[in-house]
Amino acid sequence: MSHRRLHRLLLAWYGRCGRAHLPWRKTRDPYRVLVSEFMLQQTQVDRALLAFEAFVQRFPSLESLATASTADVVRMWKGLGYNARAVRLKLLARTLMERFGGAVPSDEASLRSLPGVGPYTAAAVRAFAFDLDDAAIDTNVRRVVHRWLYGLEHPPSASARTLDADARALVPKGRGHAWNSGLMDLGAAICTARAPKCSICPIRTACAAAPIDAASLDAARRRHPRRRAPQEIVPFERSTRYVRGRIVDRLRALPPGKRVSLLDLHRELEPQLGERSIGEFGIVVESLVRDGLVAKSGAGLALRD
DNA sequence: AATCCGGGGGA
DNA sequence: TCCCCAGGATT
């Protein structure tokens with residue numbers, strides 16, 4: 001089945017309104033694409049923008065990242081969250097230098113073998129660095145495709161598998177880069193999860209869901225609630241995530257070469273952490289050690305080298 | 001299949 | 001203030 005009308009509408013809109021000026025869209029350098037995709041997995045474009053510029057300036061090449069210390073990479077990751085990804089990105093760089101001759105592969109199997117690269121990132125690298133006709137499918141893309149082809153996504157009319165197959169079939173031959181870029185921009189700016197702007201959508205005349213009324217979308221969402229884990233009862237400040245964040249932030253600020261004892265760290269962070277036993281604190285530190293973020297020695301704690 | 005992993009923006 | 005956000009690894 002052909003989707004020529006969809007292709008024409010979205011690609012024309014991307015040409016007019018797309019964010020082709022984003023630094024990771026102006027380049028085809030696979031290393032930069034990889035860095036941007038690692039950041040964009042977890043962060044909005046506006047925030048990733050600043051971090052990206054600083055990161056590629058500090059680590060301008062795969063080789064420079066591969067030879068950098070994990071500590072320096074984690075320091076450059078400040079503000080982005082999910083710090084284990086900084087560790088994986090650094091490990092990925094070393095893997096590429098050692099096993100792939102310093103080049104980013106374009107085949108899916110090789111990409112998927114790399115730390116931190118799953119189905120989405122592998123496809124994104126193929127589309128954005130190599131302009132291959134692959135579909136980088138995240139939840140935003142699934143939502144957009146569902147609306148186009150099946151109508152409102154509450155309740156779902158198609159499985160994730162079906163949507164993935166549809167999304168792949170939609171990629172116009174030879175236009176992988178622009179198509180994926182346009183799809184993401186549409187999902188971020190117009191075809192949003194809540195309050196989509198159908199009235200200004202370039203696809204509205206070819207969309208099964210348009211026009212979506214914000215109030216009825218909200219009502220449909222409430223009628224079909226997504227299954228949720230038992231609600232987190234403790235305040236965020238009591239959560240492990242918060243403690244981990246405070247610890248890593250404190251270790252980021254530690255002068256290179258310096259270390260801090262568990263007891264001193266516990267005492268320093270006490271004002272932010274409230275009453276939390278040293279034992280409980282130590283368990284959180286252990287989780288950071290397991291994640292490769294923190295190094296523990298007789299001299300104390302620091303970001304891992 | 002379910003859970004963990006941050007930090008921020010917007011309703 | 002509360003709700004929501006997203007891919008990958010682990011178990």
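D29 and R32 form a salt bridge whose closest N and O atoms are 3.2 Å apart, a salt bridge being a side-chain nitrogen of Lys or Arg within 4 Å of a carboxyl oxygen of Asp or Glu. The model is predicted, so that local features need pLDDT of at least 70 and side-chain atom pairs count only at pLDDT 80 or more, whereas totals for chains, interfaces and linings use all residues. Residues are numbered from 1 along each chain as its sequence is written, chains are lettered from A and ligands numbered from 1 in the order in which they are written, and side-chain values use heavy atoms, with hydrogens and water left out.

D29, at 27% relative accessibility, is partly exposed, and R32 is likewise partly exposed at 24% (buried means under 20% relative accessible area, exposed over 50% and partly exposed in between, with a 1.4 Å probe and protein chains only). By the salt-bridge rule, the count comes to 19. In the pair formed by D164 and R142, the closest N and O atoms are 2.7 Å apart. D164 belongs to helix α11 (residues 160-170) and R142 to helix α10, so this pair ties together parts that are 22 residues apart in sequence. D164 is buried at 13% relative accessibility, while R142 is partly exposed at 25%. A further salt bridge joins D249 to R252, with 2.9 Å between the closest N and O atoms. These two residues are three apart in helix α14, so D249 and R252 are separated by about one helical turn. D249 is partly exposed at 24%, whereas R252 is buried at 10%. Both belong to a network of salt bridges that links K78, R246, D249 and R252.

Chain A contains 16 helices and two strands, where helices (H or I, at least four residues) and strands (E, at least two) are DSSP runs numbered from the N terminus. Buried residues make up 47% of its 305 residues.

Helix α14 (residues 240-252) also supplies the largest share of the surface near DNA strand B, namely three residues; a residue is near a strand if one of its heavy atoms lies within 4 Å of it. Of the 11 residues around DNA strand B, Q42, R47, Y82, R241 and R244 come nearest. A polar backbone atom of Q42 is 2.7 Å from a base nitrogen of DNA strand B, and a polar side-chain atom of R47 lies 2.5 Å from a sugar or linking oxygen.

Around DNA strand C there are 18 residues, of which Y82, R85, G116, D138 and T139 come nearest. Among the atoms of DNA strand C within 4 Å of the protein, 77% belong to sugar or phosphate and the rest to bases. Phosphate oxygens of DNA strand C lie 2.8 Å from a polar backbone atom of T121 and 2.8 Å from a backbone N or O atom of T139. Helices α7 (84-99), α9 (119-130) and α10 (139-150) each supply at least two residues of the surface near DNA strand C, and α9 gives the most, with three.

How values were computed: A polar contact is a pair of N or O atoms within 3.5 Å; within protein, one must be able to donate a hydrogen and the other to accept it, and residues adjacent in sequence count only if both atoms are side-chain atoms.
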